[in-house]
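This report describes the charged pairs, chain contacts and selected local features of the model shown below.

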Amino acid sequence: MTLACVGAALAAPWIAPQDPFNPAALDLNQAFRPPAWLEGGTARYFLGSDDQGRDVLSAILHGARISLGVGLAAVCFALALGVSLGLAAGYCGGWFDALVMRIADVQLSFPAILIALLIDGVARISLPAGAQDAIAVPVLIVAIGLSAWVQYARTVRGSTLVEKEKEYVQAARVIGRRPLAIMLVHVLPNVMGPVLVIGTIQIATAIITEATLSFLGVGLPPTRPSLGTLIRVGNDFLFSGEWWITVFPGVALVSVVLSVNLLGDWLRDALNPKLR
Amino acid sequence: MRAPLLSVEAVTRDFDVSRPWLERVLEGEGRRLLRAVDGVTLEVRHGETLALVGESGCGKSTIARLMVGLDAPSDGRIEFHGQRRQMIFQSPYASLNPRWRVRDIVAEPIRVLRLARKAEVGARVARLLAQVGLAAEDGEKYPHEFSGGQRQRISIARALSGEPDLLICDEPTSALDVSVQAQILNLMADLQSRLSLTYVFISHNLAVVSQIADRVGVMYLGRLVELAPAGELFSHPRHPYTRMLLEAVPRIERTGEPRTPVAGEVPNPLAPPPGCSFHPRCPHADERCRRERPEFVDAVACHGVQEGRISFAR
Amino acid sequence: MILQAKELRVEFRTRRGTLVAVDGVSFCVARGEVLGVVGESGAGKSLTGLAVMGLLEPPGRIAAGEVWLEGRRIDALPHAALRALRGRRIGVVFQDPLGSLNPLYTIGAQLEETIRTHLGLAGKELRGRALALLAEVGIPAPQARFQHYPHQFSGGMRQRVVIALALAAEPILLIADEPTTALDVSMQAQIIVLIKRVARERGTAVMLITHDMGVIAETADRVAVMYAGRIVEIGAVRDVLHAPQHPYTAGLMASIPRIAAGAGRSRLAQIEGAMPRLSEIPRGCPFHPRCPKRFERCLGSRPELMPVGASQAACWLHASAIAQR
């Protein structure tokens with residue numbers, strides 16, 4: 001199931017019936033068309049069209065791609081940052097550990113959204129206006145990533161503290177390996193498990209964070225909507241009867257998130273040598 | 001006479017177990033130091049098996065780590081006159097990385113210490129596995145596929161692959177069944193004679209030690225209280241603690257006999273008794289024992305023995 | 001007879017099939033007697049103890065056999081009845097004293113709760129009984145230590161408290177699963193003495209499960225040696241330990257290191273191979289692949305316990321001897 005979702009999202013630019021981001025392809029006359037199986041719908045707009053004549057199906061495909069992309073990238077960034085800091089803090093201990101944990105504690109007292117907002121806002125101000133649209137996605141990824149690294153760091157640090165005392169790490173020290181090598185080669189494979197599971201669940205949170213930011217105007221520009229944006233935007237039309245503009249993106253989001261979570265579970269089991 | 005392979009001179013190791021700084025300041029407490037090893041002096045001779053015995057909290061594991069170089073003494077000196085030293089650990093379950101294959105585990109010392117060319121590593125690993133009684137195909141498996149005894153064999157193979165002169169063994173058979181223990185002890189004895197190894201064997205099990213040791217050192221609360229050749233120690237124990245330990249071992253020969261065990265238990269190492277640390281449990285303690293710490297003289301640290309107060313009749 | 005187990009069989013249903021962990025085990029424990037159940041890891045001795053108490057967790061279950069306590073059959077009782085029985089008539093001591101005690105309550109409170117629940121005492125009588133128990137198990141200054149928490153006791157003292165808890169309800173049977181394994185040697189000796197005294201003075205039947213032959217030698221009156229889920233030899237301690245009739249028992253005794261004054265370094269006798277996994281128990285006598293005395297019959301048919309002298313051993317060597325007479 002995951003493969004289907006991911007595959008479809010990746011292939012979006014080629015299979016979507018319409019490029020929803022090309023203003024020239026939009027036909028306002030086709031706006032607000034209901035889905036194909038209802039009265040008034042056509043096959044061309046399979047899931048209906050929104051207020052600007054955009055095909056909902058195409059929008060979903062493109063939007064899913066962006067949502068997944070941003071979510072995945074943000075989580076990878078947070079993972080990289082959190083895992084390395086947590087591993088180093090746990091293994092080295094001392095002042096470094098204390099420093100990292102205090103920073104983590106301070107950051108935890110702020111809501112994640114606020115942090116992402118802050119970073120994004122600062123970026124907007126400091127970068128030239130023309131570059132903003134192009135930079136928007138990386139900045140967003142960094143913003144969401146920075147707001148989420150702490151939990152990975154904490155989890156990894158806890159596991160590292162446990163593994164560090166185990167005798168196979170002592171044996172590696174006796175052999176004479178350098179601390180960095182021990183951390184990467186011995187400890188890391190044994191602490192990654194729970195982190196991967198958290199990570200895949202976090203993809204959903206990242207997607208939602210991104211949607212919130214986009215809605216507030218500091219995320220993706222409306223010309224390149226993600227699933228979250230589509231849901232938000234379509235919400236306005238819910239009560240005027242054009243339910244398909246928000247419902248289908250919503251269903252798509254749920255299935256993407258669900259399949260990603262299942263992927264995470266499978267991944268953790270696949271990587272466990274004891275179950276091979 | 002040849003210089004010893006390892007010499008331990010007046011080694012002390014303290015651990016800072018004070019409470020976190022803020023709490024200490026708020027409650028006006030000072031630092032708290034745990035003295036795990038207290039002024040131990042001994043040497044390890046080439047080719048011998050030196051055993052260190054004692055109950056929990058006596059510092060034998062700490063001294064093992066000090067001897068192999070995993071830790072540094074707070075005071076005193078440790079001098080190693082050989083090439084390489086390796087260690088075998090107690091737990092067969094925690095001593096092997098669960099995510100590595102056995103061949104990589106055994107090959108690690110060879111690679112890190114660059115003891116062979118890349119092409120030769122595989123052959124060496126196979127030879128080592130055979131030496132410890134495992135098959136070459138076992139290299140492809142993961143640790144969890146083996147039993148406790150087999151895992152200890154893998155640990156031994158790993159230690160041997162580092163071509164050590166000195167092998168420190170920290171309770172290597174304590175977690176194993178009796179019949180498996182016998183196999184491992186026999187294996188270690190064979191390897192010692194074949195490869196001219198020197199062992200330091202840490203254990204709480206006096207019976208095991210009596211089978212494999214040349215010399216035995218008895219530790220109590222971080223101090224060395226007696227050090228003697230094995231035959232002597234077991235037939236004529238001198239220090240009251242050594243005698244107590246030997247008395248306390250459950251014996252098969254004593255089936256059905258009534259016994260009077262010695263009272264008391266090991267005190268908290270954070271607050272050791274003054275003077276001789278054994279005096280609260282010692283039937284021969286006198287005023288001097290309560291005040292003054294005995295020096296390690298003539299292979300025993302006991303006022304009573306040194307003054308001739310305690311007779312040796314068994 | 002306080003406790004009787006008849007042809008007890010414990011099975012585990014797994015994805016790969018049904019594993020038999022305890023296979024046709026029968027034994028009995030009399031009043032005031034200490035029966036040692038000894039075996040290496042995987043022999044099934046702990047599972048036997050759990051089965052007797054009704055504490056088997058799924059997927060393990062008692063597939064066959066009976067457990068009788070004081071003339072009443074208890075293995076088929078409903079959960080609630082068995083639970084009440086367990087607290088009142090059977091006392092249990094496990095290996096890890098730290099895990100057996102609730103760290104949040106004083107030991108006095110835990111003791112009193114147990115006594116109150118099972119004996120219904122209250123007030124001064126309750127306190128008096130609890131203090132007497134602490135004194136009986138050898139806790140010095142019981143009044144003072146009554147208010148202490150488990151973490152304020154050392155390992156040996158904690159195990160004494162656990163024994164006190166087990167005895168609080170005046171049980172007729174005490175099951176101790178590796179009670180001395182986690183303790184220092186000097187502590188072990190004291191606990192051994194305590195268990196023997198309890199059996200003698202209170203007349204409690206004791207089932208002592210351990211892998212340590214030395215502990216068995218000093219504590220038990222009779223011993224059952226288990227291998228791969230079966231009892232291979234059972235009899236008086238003196239007979240079994242000093243004149244073992246089953247090759248496994250003999251091999252085990254020979255591989256135990258002993259302190260013999262002046263013996264010095266020597267090679268231990270060893271049994272080749274290892275105990276088979278539950279999924280790979282050999283046909284015939286389960287010990288035959290490792291047995292130096294095996295012959296034709298051992299490969300095909302499984303021996304039952306048969307009388308040899310004063311004890312019993314499950315070994316074809318003795319059947320031939322009997323047949324020849």
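A network of salt bridges in chain C links Arg9(C), Glu11(C), Asp23(C), Arg61(C), Arg230(C), Arg302(C) and Glu304(C). The model is a predicted one, and over all of its chains it holds 41 salt bridges. Side chains of opposite charge can pair when their charged atoms come close. Several individual pairs are listed here.

| Pair | Closest N to O separation |
|---|---|
| Glu120(B) and Arg117(B) | 3.0 Å |
| Glu112(C) and Arg127(C) | 2.9 Å |
| Asp190(B) and Arg267(C) | 3.0 Å |
| Arg177(A) and Glu108(B) | 2.8 Å |

**Salt bridges within chains**

Glu112(C) forms its salt bridge with Arg127(C). Glu112(C) belongs to helix α4 (residues 107-119) of chain C and Arg127(C) to helix α5 (residues 123-136) of chain C, so this pair ties together parts that are 15 residues apart in sequence. Glu112(C) has a relative accessibility of 12% and therefore counts as buried, whereas Arg127(C), at 36%, counts as partly exposed.

Glu163(A) is buried, its relative accessible area being 10%, while Lys166(A) is partly exposed at 30% relative accessibility. In chain B, Glu120(B) pairs with Arg117(B). Glu120(B) is partly exposed, with a relative accessible area of 30%, and Arg117(B) is exposed, with a relative accessibility of 58%.

**Contact between chain C and chain B**

Chain C contributes 45 residues to this contact and chain B contributes 49 residues. About 3900 Å² is buried between the two chains, and carbon and sulfur atoms give 52% of that area. Of the area that chain C buries against chain B, 21% is supplied by Glu218(C), Ile259(C) and Arg265(C), more than by any other three residues.

One salt bridge is counted between chain C and chain B; Asp190(B) forms a salt bridge with Arg267(C). Twelve residue pairs, both at pLDDT 80 or more, are in polar contact across this interface. On the side of chain C that touches chain B, the elements giving two or more residues are α7 (155-167), α8 (185-202), α9 (213-219), α10 (237-242) and α11 (247-255) of chain C. The largest share of that side, nine residues, comes from α8(C).

Element α11(C) is mostly covered, with seven of its nine residues buried. The buried residues in α11(C) are Pro247(C), Tyr248(C), Thr249(C), Gly251(C), Leu252(C), Met253(C) and Ser255(C).

**Contact between chain B and chain A**

Here 24 residues come from chain B and 20 residues from chain A. The area buried between these chains is about 2000 Å², with 59% given by carbon and sulfur atoms. The count is one salt bridge, and Arg177(A) forms a salt bridge with Glu108(B). Eleven residue pairs, both at pLDDT 80 or more, are in polar contact between chain B and chain A. On the side of chain B that touches chain A, at least two residues each are supplied by α2 (60-68), β5 (85-88) and α3 (102-112) of chain B.

**Local features of chain A**

Leu238(A), Phe239(A), Trp243(A), Val247(A) and Val251(A) make a nonpolar surface patch of about 480 Å². Of these residues, Val251(A) is found in helix α10 (residues 244-270) of chain A.

Ala136(A) lies in helix α6 (residues 129-164) of chain A and is buried, with a relative accessible area of 7%. Ala136(A) and Arg124(A) are twelve residues apart along the chain, and their C-alpha atoms are separated by 8.5 Å.

Conventions: Residues numbered from 1 in each chain as written. Chains lettered and ligands numbered in written order. Predicted model: local features only at pLDDT ≥ 70, side-chain atom pairs only at ≥ 80, totals over all residues. Heavy atoms only, no water. Helix = DSSP H or I, 4+ residues; strand = E, 2+ residues; numbered from the N terminus. Buried < 20%, exposed > 50% of the residue type's maximum accessible area, 1.4 Å probe, protein only. Patch = residues over 30% accessible without salt bridge, like charges linked within 9 Å, V, L, I, M, F, W, Y side chains within 5 Å. Areas by Shrake-Rupley, 256 points an atom, 1.4 Å probe, with all protein chains shown as cover. Salt bridge = Lys/Arg side-chain N within 4 Å of Asp/Glu carboxyl O. Contact = heavy atoms within 4.5 Å. Buried area = accessible area lost by both parts, 1.4 Å probe. Polar contact = N/O pair within 3.5 Å; in protein donor to acceptor, adjacent residues only side chain to side chain.
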